[in-house]
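This briefing concerns the protein chain shown below. The points that follow are grouped by topic.

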Amino acid sequence: MSKQSGRGRVAGLPEWDRCAVMGVVNVTPDSFSDGGRWFDTTAAVKHGLQLVAEGADLVDVGGESTRPGASRVDETEELRRVIPVVRGLASEGVVVSVDTMRASVAAQALAAGAALVNDVSGGLADPAMIPAVADAGAPFVVMHWRGFLEGGNVRGVYADVVAEVVDELHARVEAVLAGGVSPDRIVVDPGLGFSKEADQDLSLLAHLDRLHALGHPLLVAASRKRFLGRVLAGPEGAPPPARERDAATAAVSALAAEAGAWAVRVHEVRATADAVRVARAVEGAREEGNAPGASAPRPAHTPTGEPAPPDAHRGGHGPSGAEGVR
């Protein structure tokens with residue numbers, strides 16, 4: 001089975017021929033990497049359209065920062081930030097995801113044209129979320145989450161981070177299914193950076209196959225996160241600012257695409273759009289090379305160093321000058 005078929009399809013969303021690219025529009029003053037840049041509705045819609053022009057397949061709109069230490073905004077303010085942007089992008093034909101932990105915001109965003117709900121709490125922050133998503137029949141991203149990050153990481157202690165994240169995601173998916181969300185509309189996300197240290201994030205990236213075993217399409221959201229800063233800084237250096245981690249983000253996007261991720265969520269789209277397309281081209285070449293009847297390349301020389309004889313089945317000519325037989 002190819003990785004493309006193994007990525008799965010999310011009912012209610014387009015089907016892409018490769019790992020999809022989800023661009024980020026933060027309508028917030030305090031997001032960790034671009035807070036305040038797109039806080040105005042007009043600027044946010046314009047930015048979302050620019051991300052699509054650069055290669056985004058869908059755009060994730062959020063009005064509440066989830067960075068460590070961020071305080072929650074109230075419901076009225078989140079609605080004020082998010083709904084006009086969702087409506088504006090959807091009216092332009094953009095596939096929109098709404099990034100929210102509130103059922104009321106999710107419901108109004110879906111009514112305004114959003115196609116996907118991306119809840120970093122996986123429905124734990126608001127008990128009304130799962131019923132709202134189920135009633136709407138919307139696709140739903142279930143992220144691994146251990147609680148709000150106010151005051152720093154929450155319960156970021158693991159004996160085996162991969163096994164525990166897989167087990168906890170499995171339990172959460174079962175709860176979401178029990179709440180009425182269709183299995184073909186569930187996406188899982190390992191929650192990189194949420195209650196996890198850099199080495200734990202890297203371990204999860206190294207074992208995405210274990211997350212695939214959950215049986216649902218996989219979203220990888222590594223963009224500009226702290227663990228990339230730690231990798232780039234080395235053991236003693238200072239991590240570069242978040243907006244200087246885009247090349248590292250594109251590298252992770254290529255790795256995630258190669259590992260069969262359904263989508264990657266990124267702030268800077270162009271480099272990642274290129275990365276996932278290259279990964280798909282390499283994947284296609286590998287599949288073609290493994291197809292039945294594909295022949296291995298012939299060596300240019302024999303073991304003794306003499307030129308190899310012409311390949312008869314390619315129509316070469318033998319020593320007698322006779323045309324090779326197929």
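Why does Arg9 count as partly exposed? Its relative accessibility is 43%, and Arg9 therefore falls into that class. The model is a predicted one, and the protein chain has an average pLDDT of 86, with 81% of the residues scoring at least 70.

**Salt bridges**
- The count of salt bridges comes to 16.
- Arg9 pairs with Glu15 through their side chains at 3.3 Å, N to O; Glu15 counts as exposed because its relative accessibility is 58%.
- Glu77 and Arg80 form a salt bridge whose closest N and O atoms are 2.8 Å apart. These two residues are three places apart in helix α3 (residues 75-91), so about one helical turn separates them.
- Arg102 and Glu78 meet in a salt bridge at 2.6 Å, N to O. Arg102 lies in the loop between β3 (96-99) and α4 (103-111) and Glu78 in helix α3, so the pair ties together parts 24 residues apart in sequence.
- Arg102 is buried at 14% relative accessibility, and Glu78 is buried at 0%.
- A network of salt bridges links Arg7, Arg280, Glu283 and Glu287.

**Nonpolar residues**
- The largest nonpolar core has 67 residues, and those with the most contacts inside it include Phe140 and Leu211. Helix α6 (residues 161-178) supplies the largest share of this core, seven residues.
- Leu211 touches residues including Val165, Leu169 and Pro190.
- On the surface, Leu202, Val231 and Leu232 form a nonpolar patch with about 250 Å² of accessible area together.

**Confidence**
- Over residues 310-326, pLDDT stays under 50. Where pLDDT is low, the predicted coordinates should not be read in detail.

Notes: Residues are numbered from 1 along each chain as its sequence is written. This is a predicted model: local features need pLDDT of at least 70, side-chain atom pairs count only at pLDDT 80 or more; totals for chains, interfaces and linings use all residues. Side-chain values use heavy atoms; hydrogens and water are left out. A nonpolar core is a set of buried Ala, Val, Leu, Ile, Met, Phe, Trp, Tyr and Cys residues joined through side-chain atoms within 4.5 Å. Buried means under 20% relative accessible area, exposed over 50%, partly exposed in between (1.4 Å probe, protein chains only). Helices (H or I, at least four residues) and strands (E, at least two) are DSSP runs, numbered from the N terminus. Contact means heavy atoms within 4.5 Å. pLDDT is the predictor's confidence in each residue, from 0 to 100. Patches are made of residues with over 30% relative accessible area and no salt bridge: like charges are joined within 9 Å, nonpolar side chains (Val, Leu, Ile, Met, Phe, Trp, Tyr) within 5 Å. Accessible areas come from the Shrake-Rupley method with a 1.4 Å probe; for residues, only the protein chains shown count as cover. A salt bridge is a side-chain nitrogen of Lys or Arg within 4 Å of a carboxyl oxygen of Asp or Glu. Lists of a residue's contacts leave out its neighbours within four places in sequence.
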